[in-house]
Amino acid sequence: MTTREDAIALDAADPLASYRDRFALPDDLNYLDGNSLGALPRATSEWLAQVVQREWGERLIRSWNEGWHELPVRVGDLIGRYVLGAGAGQVALADSTTVNFYKLLGAALDARPGRSVIVSDPLNFPTDRYVVEGIARSRDLTVLPLAADPVLGVTPADVEAVVGPDTAVVTLSQVDYRSGALADLHEITRIAHAAGALVLWDLCHSAGAVPIDLDAAGVDLAVGCTYKYLNGGPGAPAFLYVASRLQDELTPPIWGWFGQADQFAMGPSFTPVAGIRRFLSGTPSILAGSAVEAGIELFAEAGIDRIRAKSVDLTSLAVSLYDEHLAALGFTLVTPRDAAARGGHVSVSHPEAYRICKALIELEDTVPDFREPDGLRLGFSPLTTRFVDVWDGIDSIRRIVEEKLYERVSSSRSAVT
């Protein structure tokens with residue numbers, strides 16, 4: 001059996017252990033939801049104070065010409081370099097994941113006239129499904145669902161079985177938001193291209209958790225958020241990636257003045273600027289974007305390879321502890337056992353998952369999250385999660401079920417992280 005002392009020993013040998021002290025985490029809280037909202041880096045408060053007091057407070061509108069105007073692309077390049085495996089000029093910080101997804105899906109469909117099928121995962125993250133359904137309805141297109149395993153996720157064989165000459169776009173998440181299954185981004189992209197389709201990847205649950213080589217894989221388009229593993233803050237701007245070979249071929253369906261070729265000419269019609277900037281729309285949020293920049297700097301310092309190595313170790317410990325403590329208590333593991341086939345979180349199911357989640361929050365000061373209908377998701381952020389946190393979290397779940405402590409909390413449904 002794995003003891004708590006074993007977990008403490010793993011923390012003592014962890015090369016990333018010191019990073020936890022660089023985040024503002026309450027000492028008495030076991031936070032296992034970093035895949036939903038990353039913790040606050042202490043440096044972010046100082047960074048934002050500088051932006052507010054100096055750039056906004058003293059320089060005022062002059063700051064647009066002193067760095068603000070370039071922020072979406074400057075931070076985009078940092079994300080591309082340190083997170084996405086993307087060369088400069090292909091990533092921009094802009095809007096939300098939903099808006100970016102709409103922009104890129106619309107542009108991709110326009111680039112494949114005569115093709116009427118969008119291939120997607122019917123169990124994909126809701127915002128992606130909703131946008132796909134809305135665009136398909138407005139354009140009279142067909143959405144072709146994949147038949148993917150709910151635990152192992154979408155495989156290349158699943159995609160190859162449905163793509164064809166009518167496929168315009170294949171859109172999937174690299175890491176499944178429920179199970180944590182990690183899709184084969186390289187091979188799926190190759191299969192879609194062989195059918196003549198474009199590929200749009202959602203990287204929300206992989207960006208910052210696994211190495212992503214968008215350029216090497218020949219990916220066309222991608223979107224993702226920055227408030228999870230990248231610690232950009234609640235509601236932080238999302239990012240979009242457009243391969244350089246496609247940028248001047250694609251026209252976004254939302255035409256905004258930050259994507260205009262001569263922005264301050266205030267001309268009568270829209271002419272998209274060359275490059276990634278054409279996918280910007282309205283005025284960017286400078287405070288929110290600056291917070292993302294602060295989070296990325298910390299992430300870049302730690303390095304994705306070390307982050308991924310610890311992520312694998314954290315999730316592997318969780319799976320081992322599941323086998324030791326939870327498997328006999330009515331739980332089911334709904335995350336791939338192969339570490340190479342999963343991202344940064346582990347999910348289990350239980351008939352009382354909702355009340356177990358509430359009991360963890362209300363009785364144990366432990367924060368996971370719940371996913372309908374019966375999923376308990378444990379998200380491990382390598383820069384803040386300790387091995388002993390994983391041990392304590394699993395032990396709390398065990399005690400709550402063995403002692404039926406979940407019966408002390410209400411079963412009435414409300415938002416639970």
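The model is predicted: local features need pLDDT of at least 70, side-chain atom pairs count only at pLDDT 80 or more, and totals for chains, interfaces and linings use all residues. Residues are numbered from 1 along each chain as its sequence is written, and side-chain values use heavy atoms, without hydrogens and water.

Start at helix H2 (residues 42–56), which holds Trp56. Helices are DSSP runs (H or I) of at least four residues, strands (E) of at least two, and both are numbered from the N terminus. Trp56 has 46% relative accessibility, so it counts as partly exposed. That class lies between buried (under 20% relative accessible area) and exposed (over 50%), with a 1.4 Å probe and protein chains only.

Now turn to the rings. The whole structure has seven aromatic pairs. Rings of Phe, Tyr and Trp (its six-membered ring) pair if their centres lie within 6.5 Å; planes under 30 degrees apart are stacked, over 60 edge-to-face, the rest tilted.

Take Phe125 and Tyr177. Their ring centres are 5.0 Å apart and their planes stand at 85°, so this pair is edge-to-face. Phe125 sits in the loop between strand E3 (117–120) and helix H5 (126–139), and Tyr177 in the loop between strand E5 (167–173) and helix H7 (185–194), so the pair ties together parts 52 residues apart in sequence. Phe125 is partly exposed at 31% relative accessibility. Tyr177 is buried at 14%.

Next come Tyr354 and Phe370. With centres 5.2 Å apart and planes at 80°, they are edge-to-face. Tyr354 belongs to helix H11 (residues 353–364) and Phe370 to strand E12 (residues 369–371), 16 residues apart. Both Tyr354 and Phe370 are buried.

Finally, ring pairs join Trp64, Trp68, Trp257, Phe258 and Phe264 into a cluster.
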